[in-house]
Amino acid sequence: LLDCMLPEKVGIHCPRPDILFLGPDENTADLMALGALHARKRGYPLWKSLTTGKPPSLGGIPHDTYGMTTLSVHTFKLELLKALGKREEDMTKIQTGGPDGDLGCNEIKISKDRTLGIVDGSGVAYDPEGLDRAELMDLADRRVMIENFNCAKLSPGGFVVKVSDVNVTLPDGTLVPRGDVFRDTFHLSKYAVADLFVPCGGRPKAVTADNVQQLLVNGHPKFQAVIEGANLFLTDPARRVLEDAGVHVLKDASTNKGGVTSSSLEVLAALVMPVEDHDRLMSIPDGAPAPEFYKQYVQHIQSVIAEKASMEFKCMWNVKCGGTGVHNTDTTEQLSQKINGLCDTIATEIVDSADKDLICTVLRKCMPPLLVEHYGVEHIMEHLPNNYMHASIAAWLSATYVYECGYSATEFAFHKFLRGLQESPKQEGPKGDAE
């Protein structure tokens with residue numbers, strides 16, 4: 001990949017060098033620092049922005065440390081409960097993905113529900129009265145698996161089954177021949193019944209059209225809502241079956257975009273900030289306190305994640321309440337197609353028109369206020385690669401428009417939306433030292 005981004009160094013023909021950004025997923029978080037340092041060694045000028053979720057010592061913002069992905073999933077959950085007129089504290093929950101993982105750990109830390117069961121790679125912990133919250137918090141703080149749950153903290157009906165267990169009899173008399181099989185199928189079992197099901201980990205296609213009926217009892221769902229954190233845990237046909245049965249299903253492609261949002265803003269800071277400022281204000285030497293700038297930037301990212309998740313949920317909820325009969329599963333796809341299609345059109349028009357006033361107006365709105373205040377829009381325009389800047393503007397315009405006006409809004413509505421942006425007061429903080 002670096003060869004393609006450094007064509008002049010390796011003697012290959014590339015009319016326009018590619019700019020690529022790599023984010024952490026599927027156990028690659030520990031490789032992000034290696035990627036950035038290798039790029040620096042190769043002489044790649046944008047090495048600070050090549051990989052994201054890096055250690056803070058390299059100016060990175062680790063997703064798990066700040067719960068970025070979990071925040072978007074959790075916001076969808078809270079927005080759904082608000083729309084239904086329910087309190088999180090009154091809800092019961094089954095969760096896959098345990099206290100040792102990114103999503104599972106942070107879901108435990110920020111949730112206020114009564115968690116009945118948790119499944120992870122090591123086994124299952126279940127308590128019909130609710131797993132002890134203090135014990136779960138301790139496991140999450142230590143980032144250890146659910147097999148370490150203290151059985152003394154269980155009610156008489158509770159149990160912990162490890163994957164290594166064989167021929168275990170549960171408190172209700174059920175025999176578990178193999179712990180690993182019990183773990184793999186627990187989400188389909190008679191014990192997995194709660195108000196909420198939040199998959200934060202697990203294997204892809206754990207729920208399909210072939211087994212989804214096991215989440216229903218005489219046609220009635222075991223869960224009121226499924227809020228997906230893990231990717232691809234359910235298939236679309238399974239999602240539609242659940243929705244037809246009355247379950248509120250919020251699909252992974254909508255709910256778990258917090259990590260991607262965090263990565264994109266980490267890239268942005270590395271591109272905009274002078275190297276010396278980035279080293280001083282966005283890097284945390286091991287054992288040193290975080291600079292105030294870093295802390296404020298992280299807080300901004302978290303606010304953006306929560307805001308965008310809330311906007312997407314409300315857009316989806318409006319569709320659901322509109323009586324169209326469209327599944328949430330399909331609304332997610334339609335929203336994505338609308339936003340991406342509009343994004344491509346806007347990006348092309350911006351490149352063709354080179355409308356600087358429009359670009360400046362949108363940059364003031366879509367760039368982090370911290371960067372605008374300290375460096376100004378002109379500096380941002382000078383330092384961002386043109387294709388990156390145009391893509392950022394197009395993405396913000398298309399998403400904001402669709403969220404505010406709905407994915408069925410007309411072309412006339414978009415021009416009205418755009419005119420409103422251009423007529424709004426210009427606000428730009430003073431340019432100066434980043435401290």
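**Notebook: helix H16 against helix H19, then the whole chain**

I looked up how helix H16 (residues 356-366) sits against helix H19 (residues 411-423): their axes come within 9 Å and cross at roughly 80 degrees. I note that the model is predicted. I recorded these values because two packed helices are described by the angle between their axes and the distance between the axes.

H16 contributes Leu358, Thr361 and Lys365. From H19 come Leu418, Leu421 and Gln422. By class, I have three nonpolar residues, two polar and one charged in the contact of H16 with H19.

I then turned to the protein chain as a whole. I find 19 helices and 11 strands in the chain. Its radius of gyration is 24 Å, close to the 22 Å that the globule rule gives for 435 residues, so I put the chain down as being as compact as a globular protein of that length. Along the principal axes, the C-alpha atoms fill a box of roughly 70 × 55 × 40 Å.

Of the 435 residues in the protein chain, I have 52% down as buried. The accessible surface comes to about 20000 Å², and carbon and sulfur atoms hold 53% of that area.

I also checked contacts along the sequence. Among contacts with a separation of 6 or more, 65% are accounted for by residues 24 or more positions apart.

How values were computed:
Residues are numbered from 1 along each chain as its sequence is written. This is a predicted model: local features need pLDDT of at least 70, side-chain atom pairs count only at pLDDT 80 or more; totals for chains, interfaces and linings use all residues. Side-chain values use heavy atoms; hydrogens and water are left out. Axes are lines fitted to C-alpha atoms, for helices over the stretch in contact, and angles run from 0 to 180 degrees between N-to-C directions. Helices (H or I, at least four residues) and strands (E, at least two) are DSSP runs, numbered from the N terminus. Contact means heavy atoms within 4.5 Å. Ala, Val, Leu, Ile, Met, Phe, Trp, Tyr, Cys and Pro count as nonpolar, Asp, Glu, Lys and Arg as charged, and the others, Gly among them, as polar. The radius of gyration is taken over C-alpha atoms; the globule rule is 2.2 Å times the number of residues to the power 0.38. Buried means under 20% relative accessible area, exposed over 50%, partly exposed in between (1.4 Å probe, protein chains only). Accessible areas come from the Shrake-Rupley method with a 1.4 Å probe; for residues, only the protein chains shown count as cover.
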